[in-house]
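Subject: Structure handover

Hello,

Please find the structure below, with my notes after it. Open it in a viewer while you read.

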Amino acid sequence: PIGAVARVYYNSALGERKTITLPDESRITLNAGSGLWVLPDYGEKQRSIELKGEAFFEVSPDKVPFVVKSAAGSIKVLGTRFNAEAYGNNLILQVAEGSVQLEGSGNTLIVPAGLGGIVQSGQSPVATEGDSTAWAWKNGQLSFRNAPIPDVVAEIERHYGVQITYANNLAQKRYTGTFDKLSCPQVLAILSAAMGSSFSIQPAE
């Protein structure tokens with residue numbers, strides 16, 4: 001975490017999405033099960049935050065760079081809109097507007113609007129294809145494009161605040177599809193039919 005001084009912590013619970021407005025009018029929408037840390041002097045000499053999870057950023061233009069730090073790398077902008085995922089040792093970026101500087105292992109990649117990038121801990125950033133569905137979660141949608149089933153399940157669990165069980169032999173399979181404001185049982189029914197195997201909500205203990 002950034003700094004040793006007291007920081008402000010914002011988080012969204014599982015099944016919850018939350019929008020935060022920072023002192024410079026930058027807006028951050030946190031996806032379910034995500035959190036970020038902000039230093040008390042944010043907006044004075046620095047605009048640094050630390051992200052764990054996923055968020056969509058609408059950064060107000062300013063001469064002071066806006067920096068998103070994570071375990072894997074960092075993102076630096078002056079004013080733009082982008083989606084960032086910081087889970088584990090990966091930092092995944094999709095740019096909606098403007099351009100973004102993605103940094104990792106001492107190397108920098110400039111990512112323009114309509115494209116993406118990824119950086120893993122200890123590695124240089126790599127450009128990826130654009131995916132405008134990356135921030136569909138802001139509107140209550142779940143969208144997957146050739147995503148591994150474990151990633152699909154993890155996102156559904158965060159989105160609805162549940163735990164899901166499924167057959168181990170599905171771990172190597174992938175799924176493409178969009179769920180538009182459906183209930184969790186509806187999503188699991190569609191997924192079960194598509195994969196030919198049952199996905200079910202694990203009862204609370």
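How many bridges join strand β9 to strand β12? Five bridges join β9 (residues 90-97) to β12 (residues 116-120), and the two strands run antiparallel. This is a predicted model, in which local features need pLDDT of at least 70 and side-chain atom pairs count only at pLDDT 80 or more, while totals for chains, interfaces and linings use all residues. Residues are numbered from 1 along each chain as its sequence is written, and side-chain values use heavy atoms, with hydrogens and water left out.

Some terms first. Strands (E, at least two residues) and helices (H or I, at least four residues) are DSSP runs, numbered from the N terminus. Two strands pair if DSSP finds at least two bridges between them.

Strands

Cores

A nonpolar core is a set of buried Ala, Val, Leu, Ile, Met, Phe, Trp, Tyr and Cys residues joined through side-chain atoms within 4.5 Å. Buried means under 20% relative accessible area, exposed means over 50%, and partly exposed lies in between (1.4 Å probe, protein chains only).

The largest nonpolar core has 27 residues, of which I49, L51, F57, F66, I75 and F82 touch the most other members. The elements that give two or more residues to this core include β3 (27-30), β5 (47-58), β7 (74-77) and β9. The largest share, four residues, comes from β5. Leaving aside neighbours within four places in sequence, I75 is in contact (heavy atoms within 4.5 Å) with residues including F66, F82, L91 and V100. A second, separate core of 18 residues includes L142, I149, V152 and I164.

Pocket

A pocket is found on a 1 Å grid over the protein atoms alone: it is an open set of points where a 1.4 Å probe fits, with protein on both sides within 12 Å along at least five of seven lines, and its lining residues have an atom within 4 Å of a point. Grid points are joined across faces, edges and corners, and the volume is the space filled by probe spheres set on the points.

About 860 Å³ of space lies in the largest pocket. Of the 29 residues that line the largest pocket, E85, I92, D131, A147 and D151 lie nearest its centre. β14 (141-148) and α1 (149-160) are among the elements that each supply at least two residues of this lining, and β14 gives the most, with eight residues.

Loops

Which residues does S105 touch, not counting those up to four places away in sequence? They are G122, Q123 and S124. S105 lies in the loop between β10 and β11 (107-112), and its C-alpha atom is 7.4 Å from that of S121, 16 residues away along the chain. S105 is partly exposed, with a relative accessible area of 48%.

Most residues other than glycine have a negative phi. S105 has a positive phi near 55°, and E25 has one of about 75°. E25 lies in the loop between β2 (18-21) and β3 and is exposed, with a relative accessible area of 55%.

L78 is found in the loop between β7 and β8. L78 and P65 are 13 residues apart in sequence and 4.8 Å apart in space, C-alpha to C-alpha.

Regards
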